[in-house]
Amino acid sequence: MPVEMMPMEEKVEVESDEEIPFSASATGKKVHPFDSEGNSIASHVDMSKSWILKRIQMGPLRSIYIVLIKAKINMLLPFGPLAILLHYLTGKHGLVFLLSMLGITPLAERLGYVTEQLAFYTGPTVGGLLNATFGNATEMIISIYALKSGMIRVVQQSLLGSILSNMLLVLGCAFFSGGIANHQKVQVFNKAAALVNSGLLLMAVMGIMFPAVLHFTHTEVHFGKSELALSRFSSCIMLIAYGSYLFFQLKSQPNLYSPVDEGGVNDLEDSGDEEAPEITQWETIGWLAILTLWISILSGYLVDAIQGASDSLNMPVAFISVILLPIVGNAAEHASAIMFAMKDKLDITIGVAIGSSTQISMFVIPFCVVVGWCMGQPMDLNFQLFETATLFISVLVVAFMLQEGTSNYFKGFMLILCYLIVAASFFVHVDLDKDDN
């Protein structure tokens, strides 16, 4: 009996041992191959989707989307072609002027964005210089077109308005927004760099003031000629001073312009939040050329419509030149300065706002005098007594605001109020010819 039971037990054990692996493998064959097949199909779809997205992201379509479609301000782009169309179909200069302003505004902002993208490839110092240079490209293009038309006062007033807008409105809005966003702490910036820019602004005021004082005191040796000769000589000196400033900033004393350190933890956090460029280097260069060309085309129509807009809108030409035109040209600086101030990067904000004012006063204005000299236009530094006094007082106010090296929302609010006073003053200001003074 035990001998006969042994094979039965072994048989049962063998059968049970064979059934368990078989059933397990059977269930595995029923489920696992189906899952692997589904996963392979899903992974294949994901790979194809990622390949398509990568092709779009790396191609020119992504560049067009980022530059011309992504930003909300690009909704104003159609106003540019519409202004050109109305220029030839109607004689309404006021409408053409307003539409040209609306059309140039997104172009100026996009020009600043593309310049910031180029700064990723050139470094922060050169990038800041490029940002200020191309940020002022709109003013330079408008000024050259106005010089060709002999509208010297429009050139002087638009450049003066750009300085006042950057110093008072752009810096004021940046300080105010940054102070509200970072109300729990005191915002600081590099005081040494700000004082150097303030000194350059005062030097520019000196160069602009002396021809005006010489004219209004009637102490010229040769009436009408000494003032122009002094302006051209002072412009060459100012260009030399600005070139020396660039050498001082980039080569001689680069450590002077390093941002203020606020602690190792914050620095580590900032380094981890570094942004990456969204378009390639050659795409940025191409977009710089396209945007600059389009701005130059619209600037011609804008300048041609200024006088007609003054008559139809019942606004003084001085108000249009000093207040309205610079707001369009400073769209890029305005947006970037506020953004950096809210991120507590005031050194970049000071570089954008005050650095742009310094570049206009020490480079763009003297450059326009030299260009007018080559064109045979009597462009000089006599900005009239009212405009010169406004610039002098504004530079003093900003210099006192920057001397502490700190910022808060109240300082920004005061700068905004100062700009409103300046705007109201030019709204009731009648520009007289030099011969009438």
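**Ground rules.** I number residues from 1 along each chain as its sequence is written. Because the model is predicted, local features need pLDDT of at least 70 and side-chain atom pairs count only at pLDDT 80 or more, totals for chains, interfaces and linings use all residues, and side-chain values use heavy atoms, leaving out hydrogens and water.

**Overview.** I started with the protein chain, which has 17 helices and two strands; these are DSSP runs numbered from the N terminus, with helices being H or I of at least four residues and strands E of at least two. Of its 437 residues, 44% count as buried (under 20% relative accessible area, with a 1.4 Å probe and protein chains only). I also looked up contacts (heavy atoms within 4.5 Å): among those with a separation of 6 or more, 83% join residues 24 or more positions apart.

**α4 and α12.** Next I looked at α4 (residues 93-122) and α12 (residues 306-313), whose axes come within 7 Å and cross at roughly 115°. The axes are lines fitted to C-alpha atoms over the stretch in contact, and angles run from 0 to 180 degrees between N-to-C directions. The two helices are therefore roughly perpendicular (65 to 115 degrees). From α4, I noted His93, Gly94, Phe97 and Leu98 in the contact; from α12, Ile306, Gly308, Ala309, Ser312 and Leu313. By class, I find five nonpolar, four polar and no charged residues there. Nonpolar here takes in Ala, Val, Leu, Ile, Met, Phe, Trp, Tyr, Cys and Pro, charged means Asp, Glu, Lys and Arg, and the others, Gly among them, are polar.

**α12 itself.** Which residues of α12 are buried? I found Ile306, Gly308, Ala309 and Ser310. Their cover includes α4, α7, α11 and α13 (317-329). Just after α12, I noticed that Asn314 takes a positive phi of about 55°.

**α4 and α11.** I then turned to α11 (residues 281-304), which packs with α4 at about 160°, axes 9 Å apart. That makes the pair roughly antiparallel (over 145 degrees). Their contact divides into 17 nonpolar, nine polar and two charged residues.

**The core.** Last, I checked the largest nonpolar core, which has 97 residues. Such a core is a set of buried Ala, Val, Leu, Ile, Met, Phe, Trp, Tyr and Cys residues joined through side-chain atoms within 4.5 Å. Phe97, Met167, Leu171, Leu391 and Leu402 have the most contacts inside it. Helix α7 (residues 152-181) gives the largest share, 15 residues. Leaving aside neighbours within four places in sequence, I see Leu402 in contact with residues including Leu171, Phe175, Phe189 and Ile350.

Key
Parallel < 35°, antiparallel > 145°, perpendicular 65-115°, else oblique. Buried < 20%, exposed > 50% of the residue type's maximum accessible area, 1.4 Å probe, protein only.
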